[in-house]
Amino acid sequence: MSARALIDEALSKVLYVDLTRKTFWVKSRPELFARYLGGTGVATQLLKEELNPEVDPLSPENVVVLAVGVFTGVYPTASKVVAMFKSPLTGNLGESHAGGRAPVAMRMAGFGAIVIKGGSESPVYLSIHDGRVEFKDASALWGVRSSLTIGKVLREREPWPGLRSIMRIGRAGEMLVRYASVILETYRHFGRLGLGAVWGAKKLKAIVVGGKRDIPVADISGYRKVYKELFDEITKSPAMQKYHDLGTPVNVLPLNKIGGLPTRNLTSNVFEGAEEVSGEAFAEYSLARRVACAHCPVACIHIAVIRERYPHEKYFYTTRYIGYDYEPIYALGTMLGIKDREGLLRLIEEVDVVGLDAMSTGVALAWTTEAFKKGLISEKDTIVRPEWGDWKTYIEMVKYLVTQPNNFYKTLAMGVKKASEVYGGTEFALVFGGNEMPGYHTGPGAHIGYLIGLRHSHLDNAGYSIDQKYVGKEYPQPRKLIDELVEEEAWRQVLSSLVVCFFSRGVYKPSTVSKALEPLGLKMSEEELRKLGTEIYKEKLKLKLRLGYRLEDLKPPKRVFETPSPFGNISEDYVREALNYYKEKILNLLST
Amino acid sequence: MSTVPETKLKRLVVVDPDLCVGCMSCMFACSRRYADAGLGYTAIHVRSVGGVERGFSVIVCRACKDPSCAKVCPTKALLLRRGGGVILNPNLCIGCGNCRNACPFGAVQWNVYLNKPVICTYCGYCVDFCPYGVLALEEVDSG
């Protein structure tokens, strides 16, 4: 299968870092990159090689892999880096994707992947440039209140401005909150599945990586031609225009309209304050600037301004900025019944400051509010009185999640699954495969998609998008739905190996990817690409099973069936049938 | 310093850096036109002005009429272009880096492979790859 050869040898360089011994080494793995193209495909293999499946995810023995792919630094919207690790939230495979400057910076630094092993005794940060790794003491950075300050400090100290990434954890990562994030640049994240806590356990505060180099191609004029076609298609496509104009919050109103917007811990599928927290309203009243990830002309990142007057001094204001997206608006807004836009921005800001995943945090606070109202927990546990819409109290609770002053917050910091097992309320604990729910209650596709997605993310197989496609039409039978979801997820393994942003999936069709690989000296037919996608999907599934993934545990929370979706109440029989078929399908796939 | 005749009397201008989203498409275009993928040969540099929320500095060669870079070149490898700016004669360049250090805008980028400066040729290829109208080609008078 692997007669392919890489023109750019530097991509195949894997940087291994041992935090325990403070050493690093580089191995060239051309066969791995030629076969799997990079990203998810390569990271799966590297993690398989390096990770002992039995290890405690919060021990130094956990392994983190970061990987970019053949399109990184080569084609537009190849703007993601893939992280893979053992998740402290689910105890299973962790995979998270982030943008910012990191993918281009990593490739410009001359590495296709970075493997981080071991743990440091005292806090360190890594400075990776010019072919080497510097281990720098981060003791003084440990405990700094804001992750944004860490960015500011390292910006002044490290080389390659404009061509580097500053990835760091906040206090939540240091305090091992199981859904702590890693923050990149300003307002991009490895949000999901707790990479921040893994870094915290390793006493790894930050990684700064950067550089500048040339990436040779096989056919320069062919490359220029394909690049131009891709660039034109991306910048002119309506989908991309939509993300440039309002950003991902463009989804708030349409989801609300069809009745798919999870509200107040999914006790409702519509939010009466949707207008106030819509992409349109944020753009009108709060938008300060739109920015892009490196090498993405779309610029979907929307940054809002927070202008606050100091109470003690007349005419003295603080002006701060914070990124906003659909998911934080859902998790920290509609799920908590917050329609005060300014309040919501402050809550999003606090979550970024401490370095938490916005989605898991919002779902955790929503579950807590409902459990509190139902009397499963009391003020003795929560310290404050959670109430829908009360963003000030939620900010206090975010701080408690980090400081963990009592058993309740210690438990909540382990995730909603754990908290509901201890305190009750599993039926309204919105957790899928151990991961807190993304922002779509669009129908069976969304929820089954979260369950069977190998990282339990809405982006695994886009069930929410399949649902929306069928609104007002006849919904597919369970088997057809599963087939669609698995096919989509298999294809996305190719996209996340190249690595391109899923927002541009409409542009990077199999035929286009095949064409774009050619000037890079990589000949792959559409069929070969699809086969590769299935192979990576299988490899990832096997790794998940080795880490203890149990198909028989797949069950959506009861709440999902109680609140109507755009297709009415979701049928338990439908979901059961779909999952049974899925198990059958997967076992068949594994035996081939 | 000698003057070389030049027919394309244009220069690259930054219309408004506040329109810049920091996508680096111009930098990739510049490098691609000259050589390959990646950023090894770009004559443009875009960086945030201290966090992307505050916007970007878009650093391009301004095609100075009286350029600092040429004045400090010990081998006269940078020839004055009619209408402003310079043209690099790579055969004379010894890679001393004086030009890079002298440009107050930091607009002389460095080609680490050749150990020579990357000098903008005002070709305008980058302009076609800026979707937000940050960059433009402007005619200059030939004086």
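In chain A of this predicted model, strand β1 (residues 13–18) pairs in parallel with β6(A) through five bridges. Strands are DSSP E runs of at least two residues, numbered from the N terminus; pairing requires at least two DSSP bridges. D18(A) lies opposite K117(A) of β6(A). Strand β3 (residues 64–67) of chain A runs antiparallel to β6(A), joined by four bridges. Here L66(A) has I114(A) as its bridge partner. Four of the five residues of β6(A) (residues 113–117) are buried, that is, under 20% relative accessible area with a 1.4 Å probe and protein chains only.

The largest nonpolar core contains 229 residues. Such a core is a set of buried Ala, Val, Leu, Ile, Met, Phe, Trp, Tyr and Cys residues joined through side-chain atoms within 4.5 Å. F71(A), Y75(A) and Y582(A) have the most contacts inside the largest core. A second, separate core of 14 residues includes I59(B) and W110(B).

A pocket is an open set of points on a 1 Å grid, with protein on both sides within 12 Å along at least five of seven lines; lining residues have an atom within 4 Å of a point. Its lining comprises 41 residues, with K417(A), G433(A), G434(A), D553(A) and K555(A) closest to the centre. Helix α25(A) gives the most, six residues.

Residues are numbered from 1 along each chain as written, and chains are lettered from A and ligands numbered from 1 in written order. Local features need pLDDT of at least 70, side-chain atom pairs 80 or more, while totals for chains, interfaces and linings use all residues; side-chain values use heavy atoms, without hydrogens or water.

Notes
Buried means under 20% relative accessible area, exposed over 50%, partly exposed in between (1.4 Å probe, protein chains only). On a 1 Å grid over the protein atoms alone, a cavity is a set of points where a 1.4 Å probe fits but cannot get out, and a pocket is an open set with protein on both sides within 12 Å along at least five of seven lines; lining residues have an atom within 4 Å of a point.
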